[in-house]
Amino acid sequence: MKKQTIVVLFVTILSSGCSSLGVEPWERDLLAKDEMSLSSSPVDNALDDHIYFSKEASSGGKGFGGGGCGCN
Amino acid sequence: MQLITNKKQDKKSMKKDNIKALLTLATTALLSGGAQAETPDEDSWEFDTAFLLYSEVDRVSAGEVILNATKTFQDEEILNLKLTVDALTGASANGAIAQPNVQTFSRPSGKGQYDVAAGETPLDDTFHDTRVQLNAQWTQPIASDYTASGGVHISKEYDYLSLGLNGNIAIDFNQKNTTLSIGASYFQDTFTPEGGIPKPFTSMLIGDGSVSWDDDDDDDYSQKPIGWAADFAQTRMGSEDNKTTTDLLLGFTQVINRQMIMQFNYSYSMVDGYLIDPFKIISVVNDGGLAQDNVYENRPDQRIKQSAYVQSMYHFDTTILDLSYRYMWDDWDIKSHTIDSRFRIPLGDGSYIQPHFRYYQQSAADFYAPYLMQSDFELQNKRPEFASADYRIGEMATYTLGLKYGMMVNNGHELSFRLEYYHQAPTDGGFDSPSVLASEELYPTIDAVIAQVTYSF
């Protein structure tokens, strides 16, 4: 039931929401900033991923989570 | 109006950075007649260098260096190269539980033993490793609104080799306000642990650890291990083993408005092969909670993980909030929640501070157990098929509190410092503590400090 709700919500956003969301090309001043990038600090992210991959049971999600070291 | 070129790229952020590149293109096109417009700094390298120190109280310490180089070519092709070197040393939990008496364990190599004091969590203090990792990633537009990316990965440790490939395609539509991406990666890892691969559920050998050889005078010129070495070899089933990891990642990015962008990811990860930690044992205790034996752990040879991830970036008047949530579940029955947030506060002159808070909570794998009961373990029909006392797959909550300070130095280079505190709190997950174990600390907390310096130029 919970999963169905999420799927319905996702499909709704995809099919209807998107067209009314977003900005015109001249409204991208803030979005174009480096610090507004979804990965604004890739080096920090890489280091954090390695730490948490070694110390916890989860990995990935933001990017690929697999393989890479014998730390887990 | 600020115009930023897209240079920072790594394999985990390519989708997002593709969007950034496209945003930059769009902005550049709009401003191309304007005096303020800068042209992207083509054909030049951009570097990020970072040094990180990770240090746990009384346990592991690690140092890690990253050199990340990105070159953007005229036609928006991007080459990213990354070198990572890390070294690790210190003490790591061997999986056994604390006892009211001194315990003796063998080193994973079989050469040497160590004692653990009464009431102490058993740690093997000879843990050390050095790792070198290389990544290369190529990203380029392949058609209007289509961006493709591919990369390779190699990581080598003393006892571990990992080779990986990845590919990704991102499609923009709705005036580039929406991006769909699909990616896949494949890793092939080979583990060659010191002392070989232990047979699951065999007892860790304790005794006279001196290696002796059959060096008699029978003229066969063969040297056969006898005594300890022969007995130790009996607990091993090979010198190396492999695992493969196949990941699929579906991404959906949506610009909400001028101040907000969101990302939704679904990932599916299949890990096959040797998923056991060969250095981990589990205590076998009697009804009174006293350890009678320590046996090597055993895990299934497949794990399927899935996760749903959502992230939003929100630009307030001057500050920026980066907020994300991940729900992960797998067929080992581990479920986890991760909330991560960063809040960037500009201080003027390009400098900023950025508080960081992360909270993580996981449930235990269905075969996790802090110890095994001897009465069950010795009966074939009651012995569990798999068991591991590795606290990292047990019930646990962790949090991270951190602060980053960044400043602009000469020529727009950025220098930043990050200091974080990481706390792990394993919990009992409903397991009893029979008799003597009631007074032992079975779920010790771990505290670590993370310090990092980054210089980008």
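## Overall composition

What percentage of the 457 residues of chain B count as buried? The share is 39%, where a residue is buried if 20 or more other C-beta atoms lie within 10 Å of its own, exposed if 12 or fewer, and partly exposed in between, with C-beta atoms placed from the backbone. In chain A, which has 72 residues, buried residues make up 47%.

The model is predicted, so that local features need pLDDT of at least 70 and side-chain atom pairs count only at pLDDT 80 or more, while totals for chains, interfaces and linings use all residues. Residues are numbered from 1 along each chain as its sequence is written, and chains are lettered from A and ligands numbered from 1 in the order in which they are written.

Chain B has 3 helices and 23 strands, whereas chain A has 2 helices and 0 strands; helices (H or I, at least four residues) and strands (E, at least two) are DSSP runs, numbered from the N terminus. Among the contacts in chain B with a separation of 6 or more, 64% are between residues 24 or more positions apart, two residues being in contact if their C-beta atoms, placed from the backbone, lie within 7 Å.

## The interface between the chains

Contacts between the chains involve 78 residues of chain B and 42 residues of chain A. On the side of chain B that touches chain A, helix α1 (residues 14-31) of chain B gives the most, with 8 residues. By class, that side has 26 nonpolar, 33 polar and 19 charged residues; here Ala, Val, Leu, Ile, Met, Phe, Trp, Tyr, Cys and Pro count as nonpolar, Asp, Glu, Lys and Arg as charged, and the others, Gly among them, as polar.

Helix α2 (residues 42-55) of chain A has 14 residues and reaches 20 Å from its first C-alpha to its last, close to the 20 Å expected at 1.5 Å a residue, the expected span being 1.5 Å times one less than the number of residues. Its buried residues include A:V43, A:L47, A:H50 and A:Y52, and what covers the buried residues of this helix includes β1 (45-56), β2 (61-72), β22 (414-426) and β23 (446-456) of chain B.

## Strand pairing in chain B

Two strands pair if DSSP finds at least two bridges between them. By this criterion β1(B) and β2(B) pair in the antiparallel sense over 11 bridges, with B:G63 in β2(B) as the bridge partner of B:L53. β1(B) also runs antiparallel to β23(B), to which 9 bridges join it, and there B:D48 has B:S456 as its bridge partner.

An open sheet of mixed pairing is formed by 3 strands of chain B in the order β15-β14-β20. Its edge strands, each pairing on one side only, are β15 (291-296) and β20 (372-373) of chain B. Strand β14 (residues 281-285) of chain B pairs with β15(B) in the antiparallel sense over 5 bridges, and B:V285 stands opposite B:A291 in β15(B).

## Nonpolar cores

A nonpolar core is a set of buried Ala, Val, Leu, Ile, Met, Phe, Trp, Tyr and Cys residues joined through C-beta atoms within 7 Å. The largest has 27 residues, and those with the most contacts inside it are B:I282, B:A369, B:Y371 and B:L372. The elements that give two or more residues to this core are β14 and β15 of chain B, and β14(B) gives the most, with 4 residues. Leaving aside neighbours within four places in sequence, the contacts of B:I282 include B:G95, B:V295, B:A387 and B:A389. A second, separate core of 13 residues includes residues from both chains, among them A:V43, A:L47, B:L52 and B:A448.

## Individual residues

Most residues other than glycine have a negative phi. B:D58, however, has a positive phi near 65°; this residue is found in the loop between β1 and β2 of chain B, and with 13 C-beta neighbours inside 10 Å it counts as partly exposed. B:N411 also has a positive phi, of about 55°, although it is not a glycine. The place of B:N411 is in the loop between β21 (396-408) and β22 of chain B, where B:N411 is exposed, with 6 other C-beta atoms within 10 Å.

B:V310 is found in strand β16 (residues 302-315) of chain B. B:V310 and B:D293 are 17 residues apart in sequence and 45 Å apart in space, C-alpha to C-alpha.
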